[in-house]
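Visitor: Could we go through this model together? I'd like to begin with the aromatic rings and then move on to other topics.

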Amino acid sequence: MRRLIRRISIYLLAIWAAVTINFFLPRLAPGDPAKALFFRLSQHGYVNPALLQALESEFGLDTTDPLWLQYLKYLNNLLHGNLGISTSAYPATVAQVINQDIRWTLVLLSISVLISFVAGTLIGVFMAWKRGTALDTSLSAIMTFLYSILYPWLALLVVYFIGFKAGWLPFSDGYDLSLTPGWSLDFILSAAQHAILPAFTIVISTVAGWMLTMRNSMITTLSEDYVTMARAKGLTTRRVMFAYAARNAVLPSVTGFAIAIGSVVGGQLLVEIVFSYPGIGFALYQGILSQDYALADGILLLVIVATVVMNLIVDLLYTVLDPRTRQERSA
Amino acid sequence: MSQSPLTPLSPALGATEARLPPTAPQPGDTLYRRGSLGAKALAVLRSAWRAIASNRKVAAGTGVIAFFALVALLGPLIIHQDPLKYTLTLNASPSAAHWLGTNQGGQDVFSQLVIGTRSSVFWAFLTGMLVVLISITVGLVGGYMGGAVDDALSLLTNVFLVIPSLPLAIVAVQYFNRSTITIAIVVALTNWPWGARVLRAQTLSMRSREFVTAARASGEKTWRIIFAEIFPNEISIVAANFVTTTIQVLLAVAGLEFLGFGDTNTISWGIMLNQAYSSGALLTGSWWWFAPPGLCIALLGAGLALLNFGIDEVADPRLRVRRRPALLARKKLEAA
């Protein structure tokens with residue numbers, strides 16, 4: 001229990017640190033981002049006093065308030081879900097833009113991460129079991145290559161060769177734009193079809209990490225005495241493989257899951273961009289292109305908070321999986 | 001584990017020294033000036049060679065990295081074309097004149113790729129080193145000092161370990177000038193916690209060893225104990241950490257460049273990807289523009305990963321495949 005409270009306080013601190021960095025960076029940055037941005041926007045004919053005010057409060061230039069008061073106001077705004085006004089989707093607020101896009105990202109992310117974790121871990125178990133065979137060697141080589149693949153690059157290849165050239169599956173947008181979003185069968189089928197290629201890309205670029213972690217951890221576990229004992233008792237291969245070896249070998253993978261989730265989310269943002277997938281990653285790219293700082297910051301803060309929450313969930317899961325962590329012992 | 005401060009480091013140390021020919025110790029380096037110079041250098045090179053040759057993965061990884069390092073070093077000597085020069089041959093597919101075709105501005109993709117290697121490789125390794133430096137400082141100081149200093153540094157490490165590095169890097173990089181230095185600094189500041197945590201754990205187990213106690217008793221300064229006594233014993237971990245970090249950093253820098261935060265007056269693999277994507281190479285079908293840079297990133301990353309897995313195998317014999325039949329036979333004998 002004490003361990004859990006300590007972890008939770010670390011997570012809260014992490015969120016606070018991210019928020020604070022987000023508050024101070026624009027104020028530390030050289031130049032005057034609000035004025036520069038307003039100047040650029042006014043050349044495009046976006047001039048609007050409300051907009052300038054929104055920009056200035058985003059960058060903290062509008063008031064004579066001391067810095068600490070601005071900071072408190074900023075925290076207060078965040079607590080009320082007020083992330084500011086999007087300059088690129090004006091007059092929509094950042095919260096509205098995110099609210100609209102987040103479900104696409106969440107569905108895509110959870111499906112692809114689940115597939116990749118389960119598939120990678122299972123393949124890892126079998127590779128460790130069959131280590132030294134041609135299957136293990138060739139898969140190891142392929143996975144080593146996939147391990148360090150750049151997500152958006154793989155996305156470009158998939159879009160071009162599978163989507164654009166071969167024309168097997170749709171490769172841009174989240175659904176057929178001629179359909180109206182809703183709970184109709186047509187729409188759901190179309191959305192599922194559009195999700196296949198992005199999900200495939202994320203699975204391919206993340207599966208190697210889970211697999212290699214599991215393989216190594218499994219090999220180490222297989223040489224433990226209790227596994228030899230289980231074999232000697234004449235238990236079935238499946239029972240030894242999963243109930244004895246894999247159950248213990250999966251722990252490093254679960255720890256790895258918590259650490260990797262941040263980079264997976266980051267990678268997904270980049271994949272969405274290439275697929276023009278209507279999630280927050282694509283919105284982020286639009287925000288960056290049009291220098292919509294409020295939108296980009298809002299999305300990134302949300303991603304950071306979400307990652308921290310996922311870490312907490314993994315921590316809880318870990319407590320269930322590893323009885324040792326339930327005892328009062330600080331490692 | 002031996003208690004002696006002279007514990008020979010794992011063979012991984014030799015492997016990492018030879019990882020990058022340009023930075024490998026050369027005869028005449030100040031490091032090797034003491035003693036009979038030639039013989040010592042030869043011994044170092046020989047032990048490095050033995051470490052490389054002893055493991056297939058280490059050998060293959062080192063080969064790949066050496067290849068890219070050579071291209072980075074000598075590339076500008078081979079390529080005489082200006083990689084940024086616009087010509088009238090637009091979107092040409094690969095041919096004898098343009099090995100990897102041209103892009104939308106008529107720029108030669110092959111020369112961009114070769115020249116871009118220098119920036120990508122250089123910044124990956126430099127940023128990797130920066131990350132490892134921060135990790136070493138935070139991890140060793142925290143682990144050795146203990147008490148309030150350790151509490152503060154561990155808290156900082158744990159907090160930054162949870163915050164996803166790429167999103168944080170995007171938050172940070174968007175307010176500053178678009179340059180590779182900005183990207184490198186931001187990536188370095190967002191990627192250090194993992195290494196720091198590993199090194200802190202190792203230092204904790206190291207600080208009660210006899211040689212550290214002896215150094216303290218003889219009145220050595222704290223920073224000397226940390227960096228001259230403890231640090232050399234952790235070089236193998238630092239080396240393995242440097243390799244994994246460099247993969248991460250290579251991908252992070254390329255990712256940020258892909259998003260358009262790179263300096264477009266220069267050329268690198270990530271910037272090539274950004275330009276290819278943003279000017280619609282997908283629609284014009286110029287696969288020769290966006291495929292090669294990503295392939296280079298994946299190959300260099302695979303080389304680094306191979307080296308890392310090789311180091312793992314050297315350090316943990318259980319992961320080695322070759323030994324298995326012998327071990328199994330022995331186990332069977334024991335069982336019988």
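Guide: Rings of Phe, Tyr and Trp (for Trp, its six-membered ring) are paired here if their centres lie within 6.5 Å, and planes under 30 degrees apart count as stacked, over 60 as edge-to-face and the rest as tilted. By this rule the count comes to 21 aromatic pairs over all chains. This is a predicted model, in which local features need pLDDT of at least 70 and side-chain atom pairs count only at pLDDT 80 or more, while totals for chains, interfaces and linings use all residues. Residues are numbered from 1 along each chain as its sequence is written, chains are lettered from A and ligands numbered from 1 in the order in which they are written, and side-chain values use heavy atoms, with hydrogens and water left out.

Visitor: OK, what geometry do A:F164 and A:F171 have?

Guide: The pair formed by A:F164 and A:F171 is edge-to-face, at 6.0 Å centre to centre and with 85° between the planes. With buried meaning under 20% relative accessible area, exposed over 50% and partly exposed in between (1.4 Å probe, protein chains only), A:F164 counts as partly exposed at 36%, and A:F171 counts as partly exposed at 25%.

Visitor: And how are the rings of B:F125 and B:F242 placed?

Guide: Their centres are 6.0 Å apart and their planes stand at 35°, so the pair of B:F125 and B:F242 is tilted. B:F125 lies in helix α4 (residues 109-145) of chain B and B:F242 in helix α11 (residues 235-258) of chain B, so the pair ties together parts that are 117 residues apart in sequence; helices here are DSSP runs of H or I with at least four residues, strands are runs of E with at least two, and both are numbered from the N terminus. B:F125 and B:F242 are both buried.

Visitor: Which residues do ring pairs link into a cluster?

Guide: The cluster consists of A:Y160, A:F161, A:F164 and A:F171 together with B:F290.

Visitor: Then on to the interface: how many residues of chain A are in contact with chain B?

Guide: Taking contact to mean heavy atoms within 4.5 Å, 59 residues of chain A are in contact with 51 residues of chain B. The two chains bury about 5,200 Å² between them, with 76% of it on carbon and sulfur atoms, where buried area is the accessible area (1.4 Å probe) that two parts lose on being put together, summed over both. On the side of chain A, A:L150, A:W153 and A:L156 lose the most area to chain B, together 12% of what that side buries.

Visitor: How many salt bridges go across it?

Guide: A salt bridge is a side-chain nitrogen of Lys or Arg within 4 Å of a carboxyl oxygen of Asp or Glu, and across the interface of chain A and chain B the rule finds zero of them. α1(A) gives the most to the side of chain A that touches chain B, with 11 residues.

Visitor: How many salt bridges are there over all chains, then?

Guide: The count over all chains comes to four. One of them joins A:D315 to A:R7, with the closest N and O atoms 2.9 Å apart. A:D315 lies in helix α12 of chain A and A:R7 in helix α1 of chain A, so this pair ties together parts that are 308 residues apart in sequence, and both A:D315 and A:R7 are buried.

Visitor: What about B:D150, which partner does it have?

Guide: B:D150 forms a salt bridge with B:R200, and their closest N and O atoms are 2.7 Å apart. The pair links distant parts of the chain, B:D150 in helix α5 (residues 147-162) of chain B and B:R200 in helix α8 (residues 193-206) of chain B, 50 residues apart. B:D150 counts as buried at 7% relative accessibility, whereas B:R200 is partly exposed, with 26%.

Visitor: Changing topic, where does B:V238 sit?

Guide: B:V238 is found in helix α11 of chain B and is buried, with a relative accessible area of 10%. Not counting residues up to four places away in sequence, B:V238 touches B:V132, B:I136, B:L199 and B:F231.

Visitor: Last one: how many helices and strands does chain B have?

Guide: The secondary structure of chain B comes to 15 helices and zero strands, and 52% of the 336 residues of chain B count as buried.
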